[in-house]
Amino acid sequence: MTRVQLTDAEWEFIGPYLPIGEYGPYPERLRQQFEGVIWRFKTGGQRREMPQEFGAWSTVSNRFRQWRDAGVLEALMEGLIAEAARRGEVDLSLVSIDSTTVRAHHGAAGIHLDQDVITALEEGCRRGGEGQVKEGGREEQSGQDAEADPQRDERRRIRRRQKLRLKAALLGRSRGGQTSKVHLAADRKCRPLAFVLTAGQAADSPQFIPVLRRIRVRGPVGRPRTRPEAVAGDKAYSSRGNRAHLRKRHIKAVIPEKKDQAANRKKKGSRGGRPVSHDVALYKERNTVERLINKLKSWRGIATRYDKTPDSYLTGLHLRASMIWINDLTRGTP
C-alpha cells in the first residue's frame, strides 16, 4: 500500500487550481492523479511502475501533460505566493540568487522534434555560420581536396542534428555527461520565487537579470511586487551589467567583487570608478538559497532529470516549489 502523498489541508490549497471540464476529468479522481504526479517526481520512478492507487499510469501521464501545457502548476505556485503575501508572510527585504547543476539521466536524451522544426533549426544555424567560414572553405584550409564526400556530409548532418536536439532540450555536455542548470531566487525564509532553466554549460551571470524579472508577488490590491529591497549573489554575478541593473531599479547589491575585477579597476586609477563594497551581514544570509537547493533536490525526480522536454522538468520544479509553499502555509493555518 503506497502512502498518501497529500493531507486534506494541503489539498484545500491545490484543488481550486485544477481545471475541470464539462466531460472530464472526474473531480473525485483529480486528487489521486495529482498524487500520482507527486509520486513520480518525489521517487523518480518510471511512469509504468506507478502504483494502482493513483489510477492508470497513462491517465496520470496524460493529465500531467495537460496541466503542463496549460501552465496549471506554474499558476499554482504563483497563487500560493499570492496567498502568502495576503497573510503578510512574504519577505522581499533580501532575495538570494544562485544556480545548481542537475545531471540528466540517459533516458532524458533523444527529444522528439518534428521534421519542419529540425529543418528550421538547421537553416538558422547555417545562416548564423555563413559569416564565420573563411574564404576557401574548410577543405582547402585543411589542405584536403574539395571533392564532395557523401558519407562525410551525412556524418556531419547527424552530428548537427544531435546538437540541435540537445539545444532544444536544454541539455549541455560536461565531463559528467549531459546536464541542465537551474537558476533560482529565494526569499529570506528559504522559499522559491522564480526559476530559469538552461543548458548545463550556461554561465550564471547572464541569467541574473532574467531570474529577477520572473519575480512576481501579487498582493491583495495593486500591481504585483517585482522589486526586492536587496539581492545577494556570489562572485559569479559580479558584473557591471548586473550592478547597473540593480542600481537603475534602486535595489541594494549584496555581491562581492572578483579579485581580477578589483585589480583591473585599481590599474585604471580614477577612471576605474569607485571601490565596490557589499553588506557582509546580509551576505551571510545567502545560505537560504543553498538550503532551498537541498530542499528541491530531496525529490529524486528533481535531483536527476528524467524528462526529455525542458517544459516537463520545469513543471516539476514548479510542483516542488508549490509543495514547499504549501508546507509553510499549512503550518501557519490556525
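I began with R225, which I found in the loop between α8 (208–213) and β5 (230–232). I note at the outset that I am reading a predicted model, and I keep that in mind for each entry below.

I then asked which residues R225 is in contact with once its neighbours within four places in sequence are left aside. I wrote down L92, I215, R216 and V217 as those contacts. For I215 I also took the spacing to R225, and the two are 10 residues apart in sequence while their C-alpha atoms lie 7.8 Å apart in space.

Next I turned to backbone angles and stopped at L170, which has a positive phi of about 55° although it is not a glycine. I placed L170 in the loop between α7 (150–168) and β2 (172–174), and I recorded a relative accessible area of 24% for L170, which means that it counts as partly exposed.

My last entry is H250, where phi is near 60°, again a positive value in a residue other than glycine. I located H250 in the loop between α9 (240–248) and β6 (252–254). Is H250 buried or exposed? I read a relative accessibility of 67% for H250, and therefore I listed this residue as exposed, the cut-off for that class being over 50%.

Key: Residues are numbered from 1 along each chain as its sequence is written. This is a predicted model: local features need pLDDT of at least 70, side-chain atom pairs count only at pLDDT 80 or more; totals for chains, interfaces and linings use all residues. Side-chain values use heavy atoms; hydrogens and water are left out. Helices (H or I, at least four residues) and strands (E, at least two) are DSSP runs, numbered from the N terminus. Contact means heavy atoms within 4.5 Å. Buried means under 20% relative accessible area, exposed over 50%, partly exposed in between (1.4 Å probe, protein chains only).
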